Amino acid sequence: MDISRRKILRFALLVLLNLAMVGLVLQASLFRGGEALAVYSERGSSGAEVRKIQERLKSWGYFSGETDGIYGPQTEEAVRYFQSKNGLAVDGIAGSATLAALGLPAGGGGGEVGDADYQLLARIISAEARGEPYEGQVAVGAVVLNRVEHPSFPDTVAGVVYQSGAFTAIVDGQINEPIADSAYRAAKDALNGWDPSGGALYYFNPDKTSNAWMHSRPVILRIGAHLFCN
């Protein structure tokens, strides 16, 4: 092999090695602790997706700044506040778990129901209606799904469940309790279209709730301890 061919091969090998190194750097930047991170998910990022995060945080009362699409310190602080109030790891980074809680799942579109939604629906049913009649458990799941379809609420199961102040189970930590077997069945029935709530968007226990606004809602029916209403 002559000297010129050796130089060409050596140059080609160097190029391939450099490309491999670039790939490793990109992979490391896109994954942290095994969790894929979007490029707009932390301080210094910018763009339309950051603006969506800001808009969702602002509409739920966590962010008071300008929705300018720039992930600055104020946005990071709002993300930390949201995370602390919703049982998430408080790191100021809008990773997949935080995005899902905001109803903005990474790489996913609104309104689609997958296995993660089924698991979360079962969890909120168990937390909110454990001990209620089975029909009442399905009705709680139906209320969540009714909100997903309603324009006044987030358009994902996670967005509805984690909306600020929407469910007491998020506030008191019941969301983290083991899921009752009946809640899994109830979640399936609700996802399959059974709605014992009669299309309700709200429910409450009148013996435990003193909120005047809730008591003013038009009641559709009562199942167990819960009044279902609009």
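Helices α5 (115-129) and α6 (residues 134-149) pack with their axes 9 Å apart, at an angle of about 125°. Axes here are lines fitted to C-alpha atoms, for helices over the stretch in contact, and angles run from 0 to 180 degrees between N-to-C directions. The pair is therefore oblique, a word kept for angles that are not under 35 degrees (roughly parallel), over 145 (roughly antiparallel) or 65 to 115 (roughly perpendicular). Helix α6 also packs against α9 (residues 181-191), and these two are therefore oblique to each other as well.

| Helix pair | Angle | Axis distance |
|---|---|---|
| α5 and α6 | about 125° | 9 Å |
| α6 and α9 | about 50° | 8 Å |

This is a predicted model, in which local features need pLDDT of at least 70, side-chain atom pairs count only at pLDDT 80 or more, and totals for chains, interfaces and linings use all residues. Residues are numbered from 1 along each chain as its sequence is written, and side-chain values use heavy atoms, with hydrogens and water left out. Helices (H or I, at least four residues) and strands (E, at least two) are DSSP runs, numbered from the N terminus.

Now to the strands. Three of them make an open sheet in the order β3-β5-β4, with antiparallel pairing; two strands pair if DSSP finds at least two bridges between them. Since β3 and β4 stand at the edges, each has a single partner strand, so one side of each is left without a neighbour in the sheet. On average, neighbouring strands are turned by 25° against each other, direction ignored.

Four bridges link β4 (residues 219-223) to β5 (residues 226-229), and Val-219 has Cys-229 as its bridge partner. Two residues lie between the strands of this hairpin, where Gly-224 takes a positive phi near 60°. On the β3 side, three bridges join that strand to β5, and Tyr-203 stands opposite Phe-228.

On a 1 Å grid over the protein atoms alone, a pocket is an open set of points where a 1.4 Å probe fits, with protein on both sides within 12 Å along at least five of seven lines; lining residues have an atom within 4 Å of a point. Elements giving two or more residues to the lining are α5, α8 (168-172), β3 (202-204) and α10 (212-215). The pocket's volume is about 710 Å³, a volume being the space filled by probe spheres set on the points.
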